[in-house]
Amino acid sequence: MVGADDAHDADPATYDRHRELKRFDDSKAGVKGLADSGVARLPRFFLRPPEDIAADRPGPGPGPAAPAALEIPVIDLGSLAAGGRPAAVARVLEAAREVGFFQVVNHGIPEGVLAGVLAAGRAFHELPAEVKAGYYSREAGRRVKFTSNFDLYESKHANWRDTMFCVMGPEPLDPLELPPVCRDMMMEYSKQVKALGNTLFELLSEALGLKPDHLVKMDCAKGHALLCHYYPACPEPDLTMGTTKHSDPDFLTILLQDHIGGLQIYYRDQWVDVPPVAGALVVNIGDLLQLISNDIFKSVWHRVLASHVGPRLSVACFFTLHLYPTTRTYGPIKEILSEDGPALYREISLREFVTYYDSKGLDGTSALTHFRLAK
Ligand code: OGA
Ligand code: NI
């Protein structure tokens, strides 16, 4: 394991980055393993390059951070059946078009289930290292796996985050594939978050002026994966990131974050906090929904800051047909195109999209640019 003292000022003449990454990967203990070993300084491969840090401040020179430019919209889904639907659709349209992120409350998932799945994610990540190592993998086709930094070997720097990844649908996952400590809660949350996903796709369809079932009929809600993230307390949070800025490679993400905070979105040239709201879920538009909505909905950059405070837990539900061998292609929805608003993207297969996104890693660029039609 990388020692505490030789970390980040290792002699550049002898530093072998690949060897260090491999050693970290082979430990199968993730970032939590490093944190538990008591490192006081970060291994060098976690350090953000200076140009990344400089890009945090758009203005000239150091100075106080600019005040937040907006508050992330909070949308109440509690009265959809009682006449509140048109107002909710209007708010979803406004948020998805302008911000790409919103929070939902009164969404129907009981607080006990939210707390339960966060606790289950924590219980998994806090299993004895030797038990957890059994789940560690980078195999593309595995439905349940624990990985630290899916793009470890491609990215500019590693993130201070570990993830347990589970493909829950469309083919039902055999619960026995899930680690026993989180099995029941993951299955329960999966069922409930899928139902909420359906509701959101209906509202988003209506927001585009389409029939409520349009996006569901396009199979946008057909598959989903759960990602239980664990961000240990970090000894040098200013030098790395919990999650590098990225947009999501799916149709839609429903994110459950705990009370710690650190999630930010990039809005009008500023990083804006997505504050934890008790009982709420964060919803964001993914790249594929931006593509099929022909840029009406925005898939925006977001990131998670590392922190001295931790662990921070979050559970992301990605609506996508990740490992499913669908041959369906996706392009801008014909019904929303016009002479003034022609298609901005070509038709793509999901495989093509995921292959490109993964080959790129979280490098701070948008995968969508690659599929955009020339003007
Ligand atoms: C993601 C993501 C944010 C978080 O999983 O894509 O952005 O708060 N997660 O963990
Ligand atoms: Ni994300």
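Strands (E, at least two residues) are taken as DSSP runs, as are helices (H or I, at least four residues), and both are numbered from the N terminus. Two strands are said to pair if DSSP finds at least two bridges between them. The structure is a predicted model, in which local features need pLDDT of at least 70 and side-chain atom pairs count only at pLDDT 80 or more, while totals for chains, interfaces and linings use all residues. Residues are numbered from 1 along each chain as its sequence is written, chains are lettered from A and ligands numbered from 1 in the order in which they are written, and side-chain values use heavy atoms, with hydrogens and water left out.

Eight strands form an open sheet with mixed pairing, in the order E1-E2-E10-E7-E12-E5-E4-E3. Its edges are strand E1 (74–76) and strand E3 (144–148), each of which pairs on one side only. On average, neighbouring strands of this sheet are turned by 25° against each other, direction ignored; axes are lines fitted to C-alpha atoms, for helices over the stretch in contact, and angles run from 0 to 180 degrees between N-to-C directions. Within this sheet, strand E5 (residues 224–231) runs antiparallel to strand E12 (residues 312–319), and eight bridges join the two. Tyr230 stands opposite Leu313 in E12.

A second open sheet comprises four strands in the order E6-E11-E8-E9, with antiparallel pairing. Strand E6 (243–246) and strand E9 (270–273) each have a single partner strand, so one side of each is left without a neighbour in the sheet. Strand E8 (residues 263–267) pairs with E9 in the antiparallel sense over four bridges, and Ile265 stands opposite Val272 in E9.

The residues around ligand 1, that is, those with a heavy atom within 4 Å of the molecule, include Arg161, His229, His246, Leu255, Arg312 and Phe318. E12 gives the most to this shell, with four residues, and E5, strand E11 (302–304) and E12 each supply at least two. Polar contacts are pairs of N or O atoms within 3.5 Å; within protein, one must be able to donate a hydrogen and the other to accept it, and residues adjacent in sequence count only if both atoms are side-chain atoms. An N or O atom in the side chain of Tyr231 is 2.7 Å from an oxygen atom of ligand 1. For Asp248, a polar side-chain atom lies 3.0 Å from an oxygen atom of the ligand, and for His302 the distance from a side-chain N or O atom to a ligand oxygen atom is 3.0 Å.
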